[in-house]
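Look at the sequence and the model first, then read the points below.

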Amino acid sequence: MGACSAKSAASDPKSVDEVIARVVKTKGATLDLSAAPAGSDAPPGLLHRCGLSLGGEVPEAVYGASSVTTLSLKCGALPVLSPSVARLSRLAVLDVSENALASLPAELGALACLATLDVSENKLATLPAEVGKLGKLTTLVAFKNVMTALPDALGDCSALANLNLYNNKLTKLPATLANLENLEDVNLGANKLKMTPKLDKWSKVRELRLHQNNLISQFLPSFAGLASLELLKIERNLALSAFPALGVHAKLESIECNNCSLEALPDAATLAAALPALQYLTIHANRLAELPALALPELTTLNAGSNKALARVPDLTACPKLRVLFVDDCAIVEVDAANTPAAFPGLERLQVGGNKMDEPAKVLVASFDGLVRSNGGWIRGAEPPGVMPPPAPQR
């Protein structure tokens, strides 16, 4: 095993065995055996900093460190995790991310104190059913594996608040996940899901990511129970033809629903009642032929570009905080005459290129040039007044 670099402090360990021995001797709570380099949000692991490596095997002495509550084995090139991990009875945080694990031992379920489990970037096809015994588990990070199924017992992890299953191969989820009433942050993106469990009990969920799946509108449950939702990311579901059924989402600020097959949005009154705090709405590259006259008082960004059948920009004056409006590459001919610079004093960016607007629409759009320039922004797709033909001289 390698030694620390010359720049390391004199107190840095010279071997993995020394790292373990120090923790055992001092009854330390953290055992850092991570070989991960520094990331944008994390310092390098101790082994990386000292030029050390696990070499694909965890020393048995690790499992005798009974005082340890946090164990990192990140980037250890580990093909297996020993059942002996169950001996670490005080363990609250276990990070085995970025290894080569194809399975996890059933004995993991004996870790009664475990609150955080990070198994991301491995080769896991599923999780052991015994994970359901982890009654204190609040965070499960399992992104970038090859999971095709999950055990029903995952629904027994009643304390679970953060669930990240991004970028796996899941085609369905256990119905038992519907019972996880303490979920707050859920990432199910980049799988192959056609539907989700019922969402009635997910009232604490603040961020829900369902992007890059195969969601089908007819199979989606109502979203009405998502009372605490702040972010909904549901883009790139190519079979999604209708918006999910909404309730009242008083905190929802951002909806990303690009690159689906949406044929219509709910009517303006329904959206106004459901989304009083919405600031960011992107519905780019769908199949919308019409936009409702949105009445969203907090809306700052609307991207409805690349809806090839969209022929008209409706009255948006009930969105007075609008700063960014994209309706490019549509079939826009007409812009409602109510949409004047006075109605949108904060407008900074207006994208209307790739349309065939009639002359009144072109003139109306061009009238925004001075406003957006004064706000430090730009218009694209319409000639500003400065380059328009001058008026004919009076005779």
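P37 is found in the loop between β1 (30–32) and α2 (46–49). Helices (H or I, at least four residues) and strands (E, at least two) are DSSP runs, numbered from the N terminus. This is a predicted model, in which local features need pLDDT of at least 70 and side-chain atom pairs count only at pLDDT 80 or more, while totals for chains, interfaces and linings use all residues. Residues are numbered from 1 along each chain as its sequence is written, and side-chain values use heavy atoms, with hydrogens and water left out.

**Surroundings of P37**
- P37 is partly exposed, with a relative accessible area of 48%; buried means under 20% relative accessible area, exposed over 50%, and partly exposed in between (1.4 Å probe, protein chains only).
- Not counting residues up to four places away in sequence, P37 touches P43, P44 and H48, where contact means heavy atoms within 4.5 Å.
- Between the C-alpha atoms of P37 and N122, which are 85 residues apart along the chain, the separation is 17 Å.

**Surroundings of V313**
- V313 belongs to strand β13 (residues 312–313).
- With a relative accessible area of 5%, V313 is buried.
- Leaving aside neighbours within four places in sequence, the contacts of V313 are V327, I332, E334, V335, D336 and N339.
- One of these residues, D336, is 23 residues from V313 along the chain, and their C-alpha atoms are separated by 6.0 Å.

**Whole chain**
- The chain contains five helices and 17 strands.
- Its radius of gyration is 27 Å, whereas a compact globule of 395 residues would have one near 21 Å; the radius is taken over C-alpha atoms, and the globule rule is 2.2 Å times the number of residues to the power 0.38.
- Along the principal axes, the C-alpha atoms fill a box of roughly 100 × 50 × 30 Å.
- Of the 395 residues, 49% count as buried.
- Among contacts with a separation of 6 or more, 38% come from residues 24 or more positions apart.

**Annotated region**
- UniProt, in an unreviewed entry, lists residues 85–352 as "domain: Disease resistance R13L4/SHOC-2-like LRR"; UniProt positions are given in the numbering used here, feature names are shortened, and annotations may be inferred rather than shown by experiment.
- Over residues 85–352 the chain is 3% helix and 15% strand, with 59 Å between the end C-alpha atoms.
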